[in-house]
Amino acid sequence: MPPNEPVDGSHIDWIRMGTTVATNALLERKGERMALVITKGFKDVLYIGSQARPKIFDLSITVPEVLYSEVVEVDARVVPAQEDRCQLGEESRSWARIAGTTGDKLLVSKEPDLKTLKPKLLALLKKGISSLAVVLMHSYMHKDHELAIGKLASELGFSHVSLSHQVMPMVRIVSRGYTACADAYLTPHIKKYVQGFVAGFKDNLKGVNVLFMQSDGGLTPMDMFIGSRAILSGPAGGVVGYGITSYHLDDDSDEKQPVIGFDMGGTSTDVSRYAGQYEHVFEATTAGITIQAPQLDVNTVAAGGGSMLFFRSGLFVVGPESAGAHPGPVCYRKGGPLTVTDANLCLGRLLPEYFPKIFGPTEDQPLDREATVSAFEAISAEVNEFLAKSTEGSSKKQMSMMDVAMGFINVANEAMCRPIRAVTQAKGYDTSRHILACFGGAGGQHACAIARSLGMTKVRVHKYAGILSAYGMALADVVHEAQEPSSMKYCPENFSTIDARLFALSKSCEEELKKQGFTSDNIETEPYLHLRYKGTDCALMCGPSAVSSDKSSLCTNGDFLKTFIDRYQMEFGFVLTERDVVVDDIRVRGVGKSFPAKETPIESSKTTPKPEKEVQVFFHGGFVLTKVYHLDKLKAGQEIKGPAIIMDQLSTILVEPDCIAKITVSGNIEITIGSGKVNKIGPELDSIQLSIFSHRFMSIAEQMGRVLQRTAISTNIKERLDFSCALFGPDGGLVSNAPHIPVHLGAMQETIQYQLRRRGDDIHDGDVILSNHPSAGGSHLPDFTVITPVFRKGVPRPIFFVASRGHHADIGGITPGSMPPHSKSLVEEGATFKSFLLVRYGEFREQRLIERLMAPGTVPGSSGTRNLQDNLSDLRAQIAANQRGSILVNELIDQYGLNVVQAYMAHIQSNAELAVRNMLREIGKRSLEMTGKTQLSAVDYMDDGSPIKLTVDIDVDQGSAFCDFSGSGFEVWGNCNAPRAITLSALIYCLRCMVGHDVPLNQGCLAPIKLHIPKGSILDPSETAAVVGGNVLTSQRIVDVVLRAFDVCAASQGCMNNVTFGEEGYGYYETIGGGAGAGPGWNGRSGVHTHMTNTRITDPEILEQRYPVILRKFELRPNSGGSGKFKGGDGILRELLFRRNMTLSILTDRRVFAPYGLHGGEDGKKGLNLMLKADGRVIYLGSKTAINVEPGDVFQLNAPGGGGYGPPDEVGIPLIQQSSKHIERGSVFEYQQAQLSV
């Protein structure tokens, strides 16, 4: 081919491609400049998003920027009719009544004014913006307004218009809005990329079938390849590749084993599962943008060859930071950091002579092993210096450079095991019954070790493992999908309608595929219904079951209900037999079948293969002589005993000792994993094992959480994930906690230790204890803590404790939801338990429990629990989660021995203590330099004037501090009293924020802190004091005071803005974000939850669909953040119009005292609560009240802004945050983010 000339495409029949161009544009924010057209009152709804922050301990809250450059609001409005509940009367009678595409009845309160909109759109064109996303409230079921705006925009000359109802017609304006914006942002960018690609060929590839891989694992013609379906175009081919090539009959079994895909690259690792069909998700977040579209469930974690290696406070740390391709690892000769790749090179597992000479600034040098060795010598010296100084529990044994490198590999392997456990065990599958399919450049060096750790017995490495994504694209099918929203009940009366819609969608798919040259014989259609139980948010996309025993659930296409019930039972452990099932969406996936995979057999041989050479490779115990083979020289049937290295052109496969690799008929590698040499671990401190045990202890808490989420029944636990699970030592000290919900940190430890003081030796095998009382370590009454002692045969006392704390939606009291804004004593807030034996000697004490849950009904004006069955079900789920934790603890002891496990429990607590001591020394030295003293102090006030005062004395030499809350206010006549446990949680949260990097959050964090909280104060009230406001408001003020004392940053909004409304039969509760405080080097984030809460807010469309309210405004509150060198974040302005008589309760703060600025920065604006009455009056509501509202009344909440930092007359340039170059995504990531959002 002549250079610089178009390629002759006449000999090309087809081209199949995957691309990361969409993902990269999203990550780097380099898509097409575009604008957003959205319903009036919602201009900031996509900026606010769910209002949760992605990393709860980052004070400089970093959230990926929105995709649009400009916003235009359009005054057009559609609302659900709610005919049986709406009492608006005259105001709504003039509104047009229509039927939506789902069959729901709607009201059109305002048609779009296109004349007013036209000049706004023309102004966008003048600014050079020609791509538009149109997102209107409820457009997924009423498309006319979006169509009219889209038609106008096209006529005016916009080159691309994405209408949200066309891009993805699903409920939730935030997710649908993100998806439409992504489409408008990425599709023009992709079109330019495709045009550039075809321009490199003669005749622009005319007549050539060019197909692109979509996120769902199907191919689509290049002219139909759009942004919202392109995010996983790159990795999707690999999933198809391993699914087709690795899922087949086993040699010694009639069953096909499910497969785990393990794709380890430079910056990250992709993990997925295949068991005969692709596992899809229909809403996933990439680079901060939630996309509603079918996507393969590929879970990306921050562990790859380029993951950076650190030694921090005695802990081996791998990632999440990555060296990327530039500068890359140390061995790339570009001044990069030490990475996992360097560790493999140091250990002899990578052979430089087999790599091309493409490294260094001139890109013509080999891998630099000498530089890697030098870097490992430096970090080894750092490790040994620490070990020499360490005394407690340490063997003081010096570590060789090879031991250090091996340690980092072990820690990296454990980090990659956790997501594999999450996609298997967390969903009810046995990890050990899977095959590990390894592909990608770096996976072959780790596959054997990871499989062994997970109990897997087989690893499969395809001969094209290095290019399996490309190979998968060659095997993939062409896919066209059609989908529409629904709100029908799944029942025989609606089967004919469901069948008709499925038939119409199937026809649409068939027609599109026939246009691409497929015949009817090559087309298959797969019908799906998106089903959920009424009143829940957990929808599952279900195909029909081939077998059905119940004719009443069988429509023409099959029994979708059976699939739904089977999957629900598998994932969650129960079904809701009395609950209706609702169809949210109707979907058809049309598949144009590609040619089947036919792998050519290779030459076979029974002879022993001849190695290319022998090299020394380091394994546990030292160097071992290891044979090196070329894959292309091996023959079918040949076996290679480990240790061995098999070189492929694109990857290195390490066959570990006690493993056997066999070459298959097609030339692929199948490795049988042996038990391996057992590396005996002693109780003395080993920094490598410290990191591994940290992962293992966290994994126990995480798996407990997944059992709890699967088996709980309430929305709060199952869907909002308002719970945490934890592991404690025999002294009740916290070992590990997951997830890290700020108000739970450290608080559960107080609960366990209370039980030990109270019960002493009266804790037996088979007992389970329930506690929620503030004086027993509780936070507020709805948080039920279930505690299970873990016993070991032959040991008389508990060896560990496991516990789960979950928020129960109602436990009685004077108001539904058990969070009254006006409670004055604890008895008004619901049922209390200090040390209740929920289970005694294995017997569940249900009757006694019911009596206690109904006891608040004996208090005048109060009620027993209003949701008894949910309480009982969730408590059983908490018991089941604890049982899982107990089993896992004993399994860990079986593996290592009780003395070793308990020793490492203490080592991990000591490690956390060390990290906090180091931080206190740094803060003390800084204070000494700036002020000449090491005493810090601060005071701030609740809205009733109660002071929260803190004095801190730091001992720089010891790295310790005395925190004295003397001078704080008395117990209050109200509910803003904070139990002692809340202060501990707030303190641990602040310490973790100030440390600035991951440390185990456990009992050790508080070891360097001596704490004094005056008895009878607002921070340690009497047993009968009301506390519900202390949990949600006072906790925030404690954080403000601690951060002020340590001079860290300006105050954030300092409030959770708790809003409840409802009447008999229903209730709704939400918390609303505000402004974050600015700090040295960062502006405060606007419209976000801060510090002790991180709750996701209900999507506006769901809110209006389920409750008789209209959300008039949900936007940022302009200029409410304090000015400064760095500006505080703005608060939120939210307006709710009530459509019927109901009760509104508000529990807020920072309405009297403003969030403080720091170092000359101005205060943020105080919050403001107003009632805009239907008759025109405006009423100031104060910070805490309950009020009866009438139809037409509007509640306006103005959330506080964050304080500014530094003098306003100075201009601060925010420090650019080096974002890690990996992207975490997938169902595991979504679950973790949801857990952090409560």
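Strand 7, helix 5 (residues 144-156) and strand 8 form a right-handed β-α-β unit; right-handed here denotes a path from the first strand over the helix to the second that runs clockwise with the strands pointing away from the viewer. Helices (H or I, at least four residues) and strands (E, at least two) are DSSP runs numbered from the N terminus. The model is predicted: local features need pLDDT of at least 70 and side-chain atom pairs count only at pLDDT 80 or more, whereas totals for chains, interfaces and linings use all residues. Residues are numbered from 1 along each chain as its sequence is written, and side-chain values use heavy atoms, with hydrogens and water left out.

Strand 7 (residues 131-135) has two parallel pairings, tabulated below; pairing requires at least two DSSP bridges between the strands.

| Partner of strand 7 | Sense | Bridges |
|---|---|---|
| Strand 2 (residues 34-39) | parallel | 5 bridges |
| Strand 8 (residues 160-163) | parallel | 4 bridges |

Met-34 lies opposite Ser-131 of strand 7, and Leu-132 has Val-161 in strand 8 as its bridge partner. Both faces of strand 7 are covered, with Ser-131, Ala-133 and Val-135 buried on one side and Leu-132 and Val-134 on the other. Buried means under 20% relative accessible area (1.4 Å probe, protein chains only).

Methods. Buried < 20%, exposed > 50% of the residue type's maximum accessible area, 1.4 Å probe, protein only.
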